[in-house]
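The structure comes before the points.

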Amino acid sequence: MLSNISKALNEGQFSSDIYLSLDGLQVDDDKLLLTIIVTDDNDEKLQEWEVTCTGLRNHKLDVNFFEEFEVLDEHIFLWEFNYNTADLFFKGNINDINGVIGELFIIHSNLAKGQIPLEKYLNINYYNVDIRHLLSQGEGLFSKGPVNLIKVYEKVLSENGYKTSIIEYPTKGSTVYKIFVFGDSYVVAKDFQAFQVL
């Protein structure tokens, strides 16, 4: 995977501090090729690496310097790819909708660690402009998303007096995705391979 970059950096004899940064990218269907460079205090290029990300699903790329990088099998941004998807339906009317919204927000924030907004998987649309309006409808599809989150939402709704039901859908295929995290950037893909070109 990417352990060869770590090994080369750890074994390298550098006369000053080194800096890693994203220098280029190329997208080809479901493959992303990243160029990562290692520079010194004088901006001299010491090493250049190409990281091939195959089976690309999602990414956010930033050109700032970074110090650490890792490939993870478990991460919040992998939920939608590695967990089954589920629909959560609800029925009922309660007086304290704001209390329910508060509970949902707190439990979601604790699970997602502020990296995914609560609204991402809710049935917010032209007809349901916000979560309060959605719950005040009295019934319907509340949320569609990774089953681990849907079950938590279901627990909050049912504990507050709503009748709920979940329909779970198997993931598409048996592929397990990983995430390459470096600085403020990340790439979700099936596999990552690194090759030193300088």
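Two strands count as paired if DSSP finds at least two bridges between them. Helices (H or I, at least four residues) and strands (E, at least two) are DSSP runs, numbered from the N terminus. The model is predicted: local features need pLDDT of at least 70, side-chain atom pairs count only at pLDDT 80 or more, and totals for chains, interfaces and linings use all residues. Residues are numbered from 1 along each chain as its sequence is written, and side-chain values use heavy atoms, with hydrogens and water left out.

- In β10, Y186 is the bridge partner of V181.
- Strands β9 (residues 178–182) and β10 (residues 185–189) run antiparallel and are joined by 5 bridges.
- They belong to an open sheet of 4 strands with the order β4-β10-β9-β5 and antiparallel pairing.
- Its edge strands, β4 (58–60) and β5 (69–72), each pair on one side only.
- Neighbouring strands here are turned by 10 degrees against each other on average, direction ignored; axes are lines fitted to C-alpha atoms, for helices over the stretch in contact, and angles run from 0 to 180 degrees between N-to-C directions.

**Sheet β1-β2-β3-β11**

- Another open sheet has 4 strands in the order β1-β2-β3-β11, again with antiparallel pairing.
- β1 (19–28) and β11 (191–196) are the edge strands, each pairing on one side only.
- β2 (residues 31–39) pairs with β3 (residues 45–54) over 9 bridges in the antiparallel sense, and Q47 in β3 is the bridge partner of V38.
- Helix α1 (residues 3–11) packs on this sheet and touches β1, β2, β3 and β11, where contact means heavy atoms within 4.5 Å. The direction of α1 makes about 170 degrees with that of β3.

**Aromatic pairs**

- The whole structure holds 11 aromatic pairs. Rings of Phe, Tyr and Trp (its six-membered ring) pair if their centres lie within 6.5 Å; planes under 30 degrees apart count as stacked, over 60 as edge-to-face and the rest as tilted.
- F142 and Y153 form an edge-to-face pair, because their ring centres are 6.4 Å apart and their planes stand at 85 degrees.
- F142 is in strand β7 (residues 139–146) and Y153 in helix α5 (residues 147–159), so the pair ties together parts 11 residues apart in sequence.
- F142 has 0% relative accessibility and counts as buried, and Y153 is also buried at 0%. Buried means under 20% relative accessible area, exposed over 50%, partly exposed in between (1.4 Å probe, protein chains only).
- One aromatic cluster is formed by F66, F69, F180, F182 and F192.

**Helix α5**

- The expected span of a helix is 1.5 Å times one less than its number of residues. For the 13 residues of α5 that gives 18 Å, which agrees with end C-alpha atoms 18 Å apart.
- Its buried residues are V147, L149, I150, V152, Y153, V156 and L157.
- The cover over these residues includes α2 (79–82), β6 (85–91), α3, α4, β7 and β8 (163–169).
- Just after α5, G161 has a positive phi of about 100 degrees.

**Loop residue N128**

- N128 lies in the loop between α3 (97–112) and α4 (131–136), and is buried at 9% relative accessibility.
- The N128 side chain reaches the backbone oxygen of N123 at 3.4 Å. A polar contact is a pair of N or O atoms within 3.5 Å; within protein, one must be able to donate a hydrogen and the other to accept it, and residues adjacent in sequence count only if both atoms are side-chain atoms.
- Not counting residues up to four places away in sequence, N128 touches N123, H133, L134 and Q137.
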